[in-house]
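Look at the model first, then read on.

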Amino acid sequence: AKDIGRGEHCFFDPAMQEAISQRLLLEEDIVRGLAAKEFGVYFQPQFNDEHQLIGVESLVRWHHFERGLLSPFAFIEVAEAAGIMKKIDEVVMLRACEQMAAWSTVAGLSDITVSINVSPAQLYQTGFVEEVLAVVKQTGADLRRLKLEITESMLVTDMNQAISRMRELKAAGIRFSIDDFGTGYSSLQYLQQLPLDQLKIDQSFVRGLPEDASSLAIIRAVIAMAHSLGLEVIAEGVETQTQRDILLANGCQLYQGYLYAKPLPAAKIAELVAINND
Ligand code: C2E
Ligand code: CA
Ligand code: CA
Ligand code: CA
């Protein structure tokens with residue numbers, strides 16, 4: 001064994017050491033990327049049953065100078081753990097609101113909703129409500145067309161705090177969607193207390209269609225629940241016409257997924273609408 005000095009760690013696991021330094025490097029790289037303005041937003045179209053574009057979901061992307069286009073899976077976990085997700089959230093909120101304002105004069109895009117994913121830290125951060133309203137005001141975005149996506153798992157930290165913040169934003173005109181629905185600790189009791197407008201069926205259930213009977217059973221239950229609560233339902237991760245047909249037959253009228261379009265840069269969204277208007 002290597003002779004190590006007093007006070008130094010006796011255990012040296014090269015793999016663990018490597019993982020830790022990788023995380024630290026990524027953390028530093030995120031900070032650098034933010035300063036270099038490498039973070040941006042893609043928008044994924046959402047359609048109704050008549051194939052009309054009714055909204056987009058904002059999805060963060062990292063245009064890394066060396067590694068290319070990076071999906072959130074490559075950095076969100078580390079950014080959250082390091083407490084720097086807040087900076088990324090700010091970029092997304094600003095970009096999405098700026099884009100909504102820019103689209104407000106474009107035919108086919110002036111009425112669409114723009115959804116934004118809220119991170120757990122963001123929801124509980126002091127001044128969250130004020131910050132959202134300030135960005136909306138500063139950019140000239142339309143409050144009533146802004147939709148915030150929250151997940152069930154975010155609510156467990158402090159349900160009362162979450163509910164009161166959501167209600168404040170709701171009172172101002174902002175809408176709420178519950179994302180990845182059915183994957184967390186769903187309880188009908190809390191659903192009733194939240195000022196929701198939309199329920200989003202998680203893609204894991206959509207992926208089960210058409211073969212998996214339990215996915216279909218869950219989807220049916222979710223749609224029935226949404227309708228009885230007066231909420232709109234959207235399915236995400238819709239990849240095939242068969243999935244879309246089953247969803248439609250069961251009463252789901254809004255869709256998002258590769259069958260329709262992948263997340264796209266803002267300019268491509270405008271092109272998509274221009275083509276459809278021809
Ligand atoms: P999510 O909110 O559930 O977003 C849907 C994810 O599914 C997106 O991945 C989207 O690109 C992908 N997707 C869309 N259609 C299909 C499809 O037909 N098939 C399949 N297999 N996938 C599809 P993305 O953009 O990589 O984002 C992953 C997750 O990262 C998001 O899941 C969300 O939880 C998080 N995320 C993304 N952008 C943001 C952001 O700006 N802020 C925060 N806090 N989280 C974000
Ligand atoms: Ca989402
Ligand atoms: Ca989702
Ligand atoms: Ca998801």
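Q: How many nonpolar, polar and charged residues does the shell around ligand 1 have?
A: This is a predicted model. In it, 24 residues surround ligand 1. Sorted by class, the shell has seven charged, seven polar and 10 nonpolar residues.

Q: Which element gives the most residues to the shell around ligand 1?
A: Ligand 1 sits in the largest pocket. Strand S2 (53-64), helix H3 (85-103) and strand S6 (175-181) each give two or more residues to the shell. The top contributor, with four residues, is S2.

Q: What share of its exposed area does the protein bury for ligand 1?
A: Start with the polar side-chain contacts. Gln 44 places a polar side-chain atom 2.9 Å from a nitrogen of ligand 1, and Arg 61 has a side-chain N or O atom 2.8 Å from an oxygen of ligand 1. Taken alone, ligand 1 exposes 800 Å², and the buried share is 85%.

Q: Which residue bridges the two calcium ions, ligand 3 and ligand 2?
A: The protein donors of ligand 3 come from Asp 179, Asp 180 and Glu 236, at 2.2 to 2.5 Å. Their spacing along the chain is D-D-x55-E. The two ions lie 3.9 Å apart, and the bridge is Asp 179.

Q: How many residues apart in sequence are the parts that Asp 179 and Glu 236 tie together?
A: Both residues are donors of the calcium ion (ligand 3). Asp 179 lies in strand S6, and Glu 236 lies in the loop between strand S8 (232-235) and helix H11 (241-249). The pair therefore ties together parts whose separation in sequence is 57 residues.

Conventions:
Residues numbered from 1 in each chain as written. Chains lettered and ligands numbered in written order. Predicted model: local features only at pLDDT ≥ 70, side-chain atom pairs only at ≥ 80, totals over all residues. Heavy atoms only, no water. Near = heavy atom within 4 Å. Polar contact = N/O pair within 3.5 Å; in protein donor to acceptor, adjacent residues only side chain to side chain. Areas by Shrake-Rupley, 256 points an atom, 1.4 Å probe, with all protein chains shown as cover. 1 Å grid on protein atoms, 1.4 Å probe; cavity = no way out; pocket = protein on both sides within 12 Å on 5 of 7 lines; lining within 4 Å. Sits in = over half its atoms within 2 Å of the grid points. Nonpolar A, V, L, I, M, F, W, Y, C, P; charged D, E, K, R; others polar. Donors = N, O, S within 2.8 Å, 3.2 Å for Na, K, Ca; no water.
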